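User: Hi! Could you walk me through the structure below, one question at a time?

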There are 2 protein chains.
Amino acid sequence: MASETISAQAMNGGDGQFSYARNSEFQGRGVETAKGLINQAISEELDIKQVISSSKIFVVADLGCSVGPNTFYAVQNIIDSVKLKCSEKELEFQVYFNDLVSNDFNTLFRSLPSDRQYYASGAPGSFHKRLFPKASLHFVHSSYGLQLLSSTPEELTDKNSPAYNKGRIYYGRSRNEVVAAYSGEFSKETESFLDARAQEIVSGGLMALIVPCLPDGLPPGECAVVAYADLLGDCLMDMAKLGLLDEAQVDSFNLPSYFPIRQELKTLLKRNPYFTIERFEPLALSAQRELAINIPTVVSHLRAVLEGLVKKHFGNDIIEDLFFRFSNKIEESSMCSPSSIYKPPVENVIVLKRTSI
Amino acid sequence: MASETISAQAMNGGDGQFSYARNSEFQGRGVETAKGLINQAISEELDIKQVISSSKIFVVADLGCSVGPNTFYAVQNIIDSVKLKCSEKELEFQVYFNDLVSNDFNTLFRSLPSDRQYYASGAPGSFHKRLFPKASLHFVHSSYGLQLLSSTPEELTDKNSPAYNKGRIYYGRSRNEVVAAYSGEFSKETESFLDARAQEIVSGGLMALIVPCLPDGLPPGECAVVAYADLLGDCLMDMAKLGLLDEAQVDSFNLPSYFPIRQELKTLLKRNPYFTIERFEPLALSAQRELAINIPTVVSHLRAVLEGLVKKHFGNDIIEDLFFRFSNKIEESSMCSPSSIYKPPVENVIVLKRTSI
């Protein structure tokens, strides 16, 4: 079998029961909690006159925006903060909403706030590549995007590799080589992300990232979201044993995302010469803990994110059965109980400034 | 009955049998034929260094782009022409694809040429309003868009108005007051269009429009596309008489588009102080004549443009029946015969230059 990779897929579109629009409250809480920190960074670190120079346009991009509503909230907050700081009455705002081509831009556009005070555009494509002309952005925002990989490392599906991830779809209970392969891919893709942004953001421009990281010292398998994904893999293996799908399909499927260790991410950011780290702070998100003990909420949030990937690889037919099994599996596991040992990832708010090199 | 207006709707999305993507060959021929004129205008009228000033980004917008493929062809031609003229090797191109929020941007984005040498964005919204920041565009293109109205004049559905258009959905066989109401709306909306673009286009920037006009001296009812729309109205009235829909629904429905007389359009353009007319030339399009004698082609082209409007007003259920009747009605009318007296609109290619006022 040739080694295979799985490409990133957009979150569920539309506004139905399992749409991202209706199942992104976890992420919404993060964006809300990050607000103060981002405002402070704009107030203290952003020299608006310097970044816009002679023009009167302030350009914001939200990368990996999905379909809303979180993106509208994040963008509005940035604009409010810039307005608060800047006395230039004629300043106009332009906002790019970016996500993969498979994202539901039609829903995004229909949901744009009617009272918005900015010119809105959608920019389709992977944010691991260039999306905008050189030095054309003043503020980049990306929340819950960087942990998503463009594709999985090839080794995971290579029988001859020590990172072969047979019978699993994620890395919480896998060999160290599997985790290392994921980490390597994350490192490579984060570098591409930073290199692309370094070209697109003007000198002095800011970039705010919300990145969910593994809690310090925690084994990956005890991080709730990683463990959930492993449980989903168990459900797929159960279905393979019942002949409902082919085991080889499970072997060739791995989820394209990775939750870095805080220090690992910091090292990557420090290595890039075009950005300085202005903020790097964990969010205290008790809400995640609260929401995370409700099984239907957990299942529908994960489904909004994972369904597209599963469908593309296994087809439509298994979806209902799979997520039904998944819900039962979580119940059996007592992962969602208040006394669960599993911990949610820790969101870190990171503010980077484009240097003048 | 209160007077009602009908709002513009996007062309048919997707890539199915009646999609605009597969039924826009008429328009495609126009875009193709206009190529030479647009290239010449870029070569002779555009001072690239002046318009981009110190930046190295050339920004193009195609307004009313629909879902392709014509928009990609038009945009590529503009970029090729600019490159041919400009020696600046580092010049980057950014392209905005604009259409109504109801346009199928998902299909548009999936169809973007993979080898494109520009950064692509979609800008949703009516081009009769502002869509972009001040002085942010260098070249605007809009083909087969200006004849489409944001909404129909209220008088058409006002029982007490001399422009009440009872039992008809267009103006080919209506009283002069109806034509005048359409003309007035076109005039108002063209002014809004020009005013918005005057703010968005930099001094010295160009705008190329392809606008289908009524052939000089021809009564509107003898212009093929107007007469077709009137026939579609007859089909709706037939269905009302058979009790398949309510006659009042026909009375309250009017198509939001208008084919101006050449001189009428010229006068509107001349009146705007922010643009000078650099080119205003009719296209000789024998292809339209050729394509226009094939009834299925005519029906599917009109359906790709009108189906959204009809659906919104009358619901989904009548669509198949209506367009089946429409096809028969055209056949009976012999409008499509080679000896038909009906003439297609004459496309005019117009190039405007933003003045330095």
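This is a predicted model: local features need pLDDT of at least 70, side-chain atom pairs count only at pLDDT 80 or more; totals for chains, interfaces and linings use all residues.

User: Which residue forms a salt bridge with A:Glu200?

Analyst: A salt bridge here is a side-chain nitrogen of Lys or Arg within 4 Å of a carboxyl oxygen of Asp or Glu. The pair has its closest N and O atoms 3.6 Å apart, and it links distant parts of the chain, with A:Glu200 in helix α5 (residues 176–200) of chain A and its partner in the loop between β3 and β4. Helices (H or I, at least four residues) and strands (E, at least two) are DSSP runs, numbered from the N terminus. The partner, partly exposed at 22%, is A:Arg130.

User: And which residue of chain B forms a salt bridge with A:Arg130?

Analyst: Across the interface of chain B and chain A there are two salt bridges. In this one the closest N and O atoms are 3.1 Å apart, and the residue of chain B is B:Glu92.

User: Which element gives the most to the side of chain B that touches chain A?

Analyst: Contact means heavy atoms within 4.5 Å, and it takes 25 residues from chain B and 25 residues from chain A. Among the residues on the chain B side, B:Phe109, B:Tyr119 and B:Pro133 supply 25% of the area that chain B buries against chain A; buried area is the accessible area (1.4 Å probe) that two parts lose on being put together, summed over both. With six residues, the element that gives the most is β3(B).

User: How many residues apart in sequence are B:Arg173 and B:Asp234?

Analyst: Their side chains meet in a salt bridge at 2.7 Å, N to O. B:Arg173 lies in the loop between β4 and α5 of chain B and B:Asp234 in helix α6, so the pair ties together parts whose separation in sequence is 61 residues.

Methods
Residues are numbered from 1 along each chain as its sequence is written. Chains are lettered from A and ligands numbered from 1 in the order in which they are written. Side-chain values use heavy atoms; hydrogens and water are left out. Buried means under 20% relative accessible area, exposed over 50%, partly exposed in between (1.4 Å probe, protein chains only).
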